[in-house]
Amino acid sequence: LWVGTQDGLNKYDGYTFTVYRHDPTDPTSLSTNVIYAILEDAEGDLWLGTDRGLVRFDKRSEVFTSFRSNQQDQLGLGQVIVRAILEDAQGMLWFGTAGQGLYRLDRRTEALTAFRHHPEDLRSLASNDVRALLEDAHGTLWVGTRGGGLSRLDRQTGEFTGYRHKGEDPQSLSGDSVTALCEDSQGMLWIGTETGGLNALDTTSRAPTFIRYQHEGDNP
């Protein structure tokens, strides 16, 4: 069991905890102690989303490596906060950041593709503050953002479709800060929001309708 904390990475084997922390004298140690997201990839490596970018952990050698690429300096990813990580069915790594948008990493070539919100473009990412990522059974990528609602990426065109809260529409998303995404065995998408409760969405419907599950008065 791997646990990311504000004070390092914890490994629990069922009996004891092993704690990995930053050691300024060891360049192979964890680069920062603040961890927001953890992903185990298909090869068994751990990827950590931290307050100083993306970090890979080789569990066999117990070596931590901060992600670097030819675009590192240009994009400033060494200091970005990574809040969500996903490996898709094609082996691409996606990571969402707090304020710098969404990135796709091809680990074979180290090529990075950035997706960001542009206020003048309705087909761009809904917000640059990404909090949740999910690839559904059909290969569609869903992006939960803080302040921008939910985005669905069309991988063929690179365009996003946005879903937001509309006060006058009870079948819209209940809140624009999406913090969790999950797909169940029936293909229903479940969306957790920061203040609007839980939503369910049938992704196969031609006219997407959100079902809301919210606390009402004394009846949770």
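Is N199 buried or exposed, and what is its relative accessible area? In this predicted model, the relative accessible area of N199 is 0%. Because buried means under 20%, this residue counts as buried.

N199 belongs to strand β18, which covers residues 198–202. Its side chain reaches a partner in S174: the two side chains make a polar contact at 2.7 Å. Setting aside the neighbours within four places in sequence, N199 is in contact with S172, L173 and S174, with L189, W190, I191 and T193, and with F210, I211 and R212.

Strand β17 spans residues 188–193, and β17 and β18 run antiparallel, joined by five bridges. Within this pairing, M188 has D202 of β18 as its bridge partner. The hairpin formed by β17 and β18 has four residues between the strands, and here G197 adopts a positive phi near 80°.

On to the pairing of β17 with β16. Strand β16, made up of residues 178–183, pairs with β17 in the antiparallel sense over five bridges. Here C182 stands opposite W190 of β17, and W190 is also among the residues in contact with N199. Four residues lie between the strands in the hairpin of β16 and β17, where G187 takes a positive phi near 85°.

Taken together, β17 pairs with β16 and is joined to β18, the strand in which the buried N199 lies.

Methods: Residues numbered from 1 in each chain as written. Predicted model: local features only at pLDDT ≥ 70, side-chain atom pairs only at ≥ 80, totals over all residues. Heavy atoms only, no water. Helix = DSSP H or I, 4+ residues; strand = E, 2+ residues; numbered from the N terminus. Buried < 20%, exposed > 50% of the residue type's maximum accessible area, 1.4 Å probe, protein only. Polar contact = N/O pair within 3.5 Å; in protein donor to acceptor, adjacent residues only side chain to side chain. Contact = heavy atoms within 4.5 Å. Pairing = 2+ DSSP bridges.
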